[in-house]
Amino acid sequence: MNYENYDPFFHDQPVVDLYLPIWAKLPGFKSKPAFIWAEDGPIQSSSLTYEELNSSAQCISSELLLSLRKNDTVLVLCSPGLEFVEMIFVCQRAGLLAVPISPPHPSFSNENYHHLLRVVPQTRPKVAKAQRDYIKHVENYVARSSNKKLSEALQKYTSIPKPVLVTAGSAAHNVRVARKAYDFHPNTVVVSWLPQYHDCGLMFLLLTIVSGATCVLTSLNTFVNRPRIWLELISEFKATCTPVPSFALPLVLKRGHVGVTRTVNPISMLSLKNLIIVNEPIYSNCVEEFVEVLKLFGLNPLAISPSYGL
């Protein structure tokens, strides 16, 4: 479907959240998926439309502001998925500072909580947001005597590196520039398995809303377990853009079964206009090998482009 009623010259907004109600009120965008979450084996998906995302951002932000004040910090401990996406826009709508981190396993075994210990004393969150089941697991853990070490550490632990504060205005400027550089528009379809806690993974969530585009998401673990799913999602949703770190290219060639012909979930890269390599170093031989193999499936070598930092 083409979205012809998009005006590329409407005024830029100072923060990304202000774009959301614009799209949500347009008849052609109300039921359009803003984000699609894809599960593997066989590929199943759920979606969040522009109208649904705008409504949930308004409703949940209003509830949060009953007990919080603007500029309070919220620790987002949601697993990757649509609920995580909602919380990012809920916090922006409410004027809260979102601190998204990967939730440690609720058993807190093998000392897998060090990143949490760094974040809590440095950001001093007023509240943490997590899935209901995760909260129950944490409550059970805290109820046991083995929680003393973690509790003491949370009170005393200090560490570097320090967190970096990115203002809503800076983030909006960054994605507006990216929108123009990569010619994003409402017919753009992004496929991304980048961690949503990562700066680039997070920026593509914002870039989607600024552009009125659609973003198909899956998790890093899903990609690592079966790298071919990245190519299958590009093919199924006719993606026009996908951001990946450079290690993904040789990994897909090694474990992605690219040369295997399948009648189910076949590979086609004909729709792809931007394959953005988002980290360094970038080795030319890896890129050249990837292009040589994938051009057999329609990949345009001119689609490859590097991108660095915020």
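This is a predicted model: local features need pLDDT of at least 70, side-chain atom pairs count only at pLDDT 80 or more; totals for chains, interfaces and linings use all residues.

Visitor: Where is His 257 in the chain?
Guide: His 257 sits in the loop between helix H11 (248-255) and strand E9 (274-277). Helices (H or I, at least four residues) and strands (E, at least two) are DSSP runs, numbered from the N terminus.

Visitor: What about the phi of His 257?
Guide: That phi is positive, near 50°, and His 257 is not a glycine. Most residues other than glycine have a negative phi.

Visitor: Which residue follows H4, and what is its phi?
Guide: Arg 124 follows H4, with a positive phi near 45°.

Visitor: And Asp 183, what is its phi?
Guide: Asp 183 has a positive phi of about 55°, though it is not a glycine. Asp 183 lies in the loop between helix H7 (168-181) and strand E6 (189-192). Asp 183 is exposed, at a relative accessible area of 54%.

Visitor: Back to H4. Which residues are buried there?
Guide: In helix H4 (residues 114-123), the buried ones include Leu 116, Leu 117 and Val 119. Pro 121 and Thr 123 are buried too.

Visitor: New topic. How many aromatic pairs are there?
Guide: The count is 9 aromatic pairs. Rings of Phe, Tyr and Trp (its six-membered ring) pair if their centres lie within 6.5 Å; planes under 30 degrees apart are stacked, over 60 edge-to-face, and the rest tilted.

Visitor: Why is the pair of Phe 35 and Phe 89 called what it is?
Guide: The ring centres of Phe 35 and Phe 89 are 6.2 Å apart and the planes are at 40°, so the pair is tilted. Phe 35 is in strand E1 (residues 33-39) and Phe 89 is in helix H3 (residues 82-94), so the pair ties together parts 54 residues apart in sequence.

Visitor: Are those two buried or exposed?
Guide: Phe 35 is buried, at 0%. Phe 89 is buried, also at 0% relative accessibility.

Visitor: Which residues form an aromatic cluster?
Guide: Trp 193, Phe 223, Trp 230, Phe 247 and Phe 290 form one.

Visitor: How many disulfides does a search find?
Guide: The whole structure has 0 disulfides. A disulfide is a pair of cysteine sulfur atoms within 2.5 Å. Cys 78 is in none; its nearest cysteine sulfur, that of Cys 91, is 9.2 Å away.

Visitor: Last one. What does Gly 81 touch?
Guide: Gly 81 touches Trp 37 and Gln 196, not counting residues up to four places away in sequence. Contact means heavy atoms within 4.5 Å. Gly 81 is buried, at 7%.

Conventions
Residues are numbered from 1 along each chain as its sequence is written. Side-chain values use heavy atoms; hydrogens and water are left out. Buried means under 20% relative accessible area, exposed over 50%, partly exposed in between (1.4 Å probe, protein chains only).
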